[in-house]
Amino acid sequence: MVLVERDEILRQLDLLLADCTAGNGRVVLVDGPVGTGKTELVRYCGARATESGVTVRGATCARAEHVLPLGVVGQLLRGLPARDGGAGPACAGSEGAADPDAARGTDTPCDEAAQDGCRGREARADGVGRAARIAELLDAGAAIAGRLGSDPDRELAQIHQELTLLILDLSKRGPVLLCIDDVQYADVPSLHFLLHLVRRLGSARIAVLLAGDLASHPLDLSFRAELVRAPEFRSLRVGPLSPAGARDLIAVTAADAAMSAAATSPASVAVAGAPQPDPYQVTGGNPLLLTALARGDRGLGQPDPEVFGLALLSCLHRGEPVAVQVARALAVLETPAPDGAVPPDTATLAGMIGADVPGVTRALDAMNAAGLLDDGRFRHGVARDVVLDDLTTPERTDLHRRAARLRHQQGAQAVTVAAHLVEGNGVQPPWGTGALVEAAEQALLDGRPERAAACLRLAARSAVGERERAAIRARLTHAEWQTSPAAAARHLSPLVSAAHAGLLEQRTNAALVRQLLWHGRSAEAEELLARMRAAAQGRPDEAAAEVHDLEVWLATVHPPLARRRRGPAAGSAVPAAPAADSWLRSAALLADAVAAGGHRTGREPGPTVLSNTAAAGAPVGSGPVGADRAESVLRDLHLARADPWAGEVATLSLLLLTRAPRMDAAVAWCERFLADPDLEDQTTRATVMAVRGALALEQGDLAVAADHARAALRRLPAKAWGVAIGLPLGTLVLAATRTGDLEEAARQLVQTVPEEMVASRYGLDYLHARGHYHLAANHAHAALADFLACGDLIRGWGLDAAALVPWRIGAAEAWLRLGNVDQARQLAQEQLGRPGATRVRGLALRLLAAASPPGRRLQPLTESLELLETTGDRLGQAYVLADLSRVHDHLDQRRRARLLLRRALHIATMCGARPLAQELLAISGDGRAVVGLGVDQEMITGLTDSERRVASLAVMGYTNREIALRLYVTPSTVEQHLTRVYRKLNVKRRQDLPADLWTDATRTG
């Protein structure tokens, strides 16, 4: 460990050694929290003393050895070195001489070399004798102390005296430094010996260096009181580093670690740009933790759990046992605690671990002083996790259960209590069950379905009574549904049984019907519907209102199960009840608006509450059910996370926006949902992905459509989609077909889909996509069968006004392939005679033109192009432009035909429609449709840069809104620029813009 901000203490230690050498005995106590470098200071002092020729004797105390009498003294004195002396030859009179008696009888003195040898043998003999005597004294003293306890007697005092004399004798030959680390754990007899020694230091060349954490484990009171009175005593306080010191220590340690790592593994580099934690904030300035933080830094912006964690655990376990228990209790209490929560008080901690409040207070103070905690809280999540990992599973479970009980008694929030119950995997009814259910509802509102499911699973195990258990299981089904409808399906059979037993509420039954139909279990859903209808018969309450709303929803989404209605606007009005499910009512109203094609302006099928912010029981006919109200629902959708109808409301709202038409708004809402990091409802997220893919398909963005469809299928496996798989699968098949990847489309079509899918609106997407695949594969009869099947289903359900899929357009194209122009014209005219989306009308006009004589095609194609430009369907524009090119070529307007062909080719290429692009390339290759006159460059040169940019993007096929977004101007500005461009180039509309702007278009795009 690098010693930083310890200059004054190091100076005092150097002074200690200087006084010792000069014959001034000293005692120094280095006191400070754990991990602040006391041991490193002891090592520094010992190394400096050794360099100066001082005899150093050291001892390290441990809590486990506190019961060993004179254990510390034994570490200091056992193996004490012999006297200094040479090892020369034996001299007369020395022990070991050949004839000692003769030697003693002569007056002949020894020579100098012989005297040195004599002294050496005397030293060795003296050392052996001293070692044996020390061992004898220590054994005797330990026996006496063990018999007497902490009270010394005369015999033990004599042993202390003799051991002290041995040390004093040693100091006569040279200075002696006695170092005792972690002195707070020294045994009491050893402390009495130290006092005996300190009282006799005087002018002895002896220094005693003590180091320990006396705040967490105070020394024996009598020892400390007498030690402080000694004139030779001095106390030094060491603590955590300052923020500047922390940065300095990190810099030095990290540089050393980097050099070492480069020498052993040069390829190891840190992650560039990783956010680095504030070292002081993480460690509180504790040098041991700072060193671990620097050495364990992998450039990941987080403390390394292994290196940093071991250092933290070392600090904890070197303290008192109660400190470890307090740290564990804190870690458990912080696990579910929200950010900014007040740290638990000492009484709570003491109750969790069964300790006394003063002991817990002392442990908290010690950990705060050491920098392990910051005002009673862990400084970093890694520190908390390391402490939790140090617990065994039974210990962790037990602490969480204790925490739950204490938090409940203190009146904590249900979320906090439930989090401990879940971690403890145990519950004590009735208060535990209630807390779990309340916490689950809050988690659902917060968009945390997995957390809600964990609470509800535990609550279901402890529920009392069948009705309560059934209600909890229903909520659990909704929570699990948000993450995996396939996993939630295991609850459906028990819930159906509970519903028939009358254990579920009517609104719960309604949600159960939707879940059964999602999984294609229509027979069970029909039985449950019959029971609900019978129960609601003649009851003007919320139950009847909910059954009515369910009927309206069924008529659009699962029509075969709904009671027949006379038309989209029919249906018996049921008074709204205050307790009715407002989100089911929203789903019913939106579904009815979709059935009307998004144009309902008359009376609605009953009083409505389209959002939780609207007044309950709003008057019927107060406004149209359309795009505005759909967006209102989407804005409030976060309030419906706890409602089983939230996902259906989102899907119907987005579908209604596309029929309005408000394609841009629908796309924006999809992107907003998908970008929401708090949306953990995987089922809704996958559904929105599928809807986003369908929207991209209508805009001609084939690659985007395929990507979102694949993402939706990855988010939920095929089994989890149930009958709704028709939506993403249909989008993927149609996108692959239009890009020319018929093999991919065929692979998707061979997937097994639920048979009941065709009895829902999702089956229409699948059949429509399959029809276009057959059309692209030159199987016109099979394609016609699929399109007509769509039509039969839609008309049989009474949903022809909804325009759920443009089946007449596909059927007309199939009839044209089969050469039946009359049938194609009839279907196109039939489609044009019905109210519908602008895009569908544009497609119908193209098919009408194709079924008309060449001389009558220009007008419907021109109108079709304008409609498709309005809706942003680029692929549709490409097809119409290609048809217009052929018409102008037939009229010998070669220049115009060439321009239109190039525009069609560019848009088809941009959309990724390879079959159309290849067809157009083939046309341009025969030389007929591309031959034309040169463009008057002088006219184009007269355009300003702004006008040229706008005109070039218009040539590319971008709408005014899209041009405005790309150039960061307003749509009004775009219109003004185009007006000036038309005037300068002497054209009337964008279709007449010169082809030579194409070069600018490519560069601008």
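Guide: The model is predicted. Begin with helix α24, residues 506-518, and helix α26, residues 542-557. Their axes come within 9 Å and cross at roughly 20 degrees. Because angles under 35 degrees count as roughly parallel, α24 is roughly parallel to α26. The crossing of these two helices, α24 and α26, is right-handed. On the α24 side, the contact is made by Gln506, Arg507, Ala510, Val513, Arg514 and Leu517. Facing them from α26 are Ala543, Glu546, Val547, Leu550, Trp553 and Leu554. Sorted by type, the residues of this contact between α24 and α26 are eight nonpolar, one polar and three charged.

Now the second pair, helix α34 (residues 726-738) and helix α36 (residues 761-776). Their axes are 8 Å apart, at an angle of about 20 degrees, so α34 is roughly parallel to α36. The crossing of α34 and α36, however, is left-handed. Among the residues that meet here are Leu727, Val733 and Leu734 in α34, and Tyr762, Ala769 and Tyr773 in α36. The contact of α34 with α36 divides into nine nonpolar, five polar and two charged residues.

Last, the cysteines. A disulfide needs a pair of cysteine sulfur atoms within 2.5 Å, and the count comes to zero. For Cys20, the closest cysteine sulfur is in Cys45, 9.1 Å away, which is too far for a bond. Cys20 is buried, at 1% relative accessibility. Cys455 is also buried, with a relative accessible area of 4%.

Notes: Residues numbered from 1 in each chain as written. Predicted model: local features only at pLDDT ≥ 70, side-chain atom pairs only at ≥ 80, totals over all residues. Heavy atoms only, no water. Axes fitted to C-alpha atoms, helices over the stretch in contact; angles between N-to-C directions. Helix = DSSP H or I, 4+ residues; strand = E, 2+ residues; numbered from the N terminus. Parallel < 35°, antiparallel > 145°, perpendicular 65-115°, else oblique. Left-handed = near helix turned anticlockwise from the far one by under 90°. Contact = heavy atoms within 4.5 Å. Nonpolar A, V, L, I, M, F, W, Y, C, P; charged D, E, K, R; others polar. Buried < 20%, exposed > 50% of the residue type's maximum accessible area, 1.4 Å probe, protein only.
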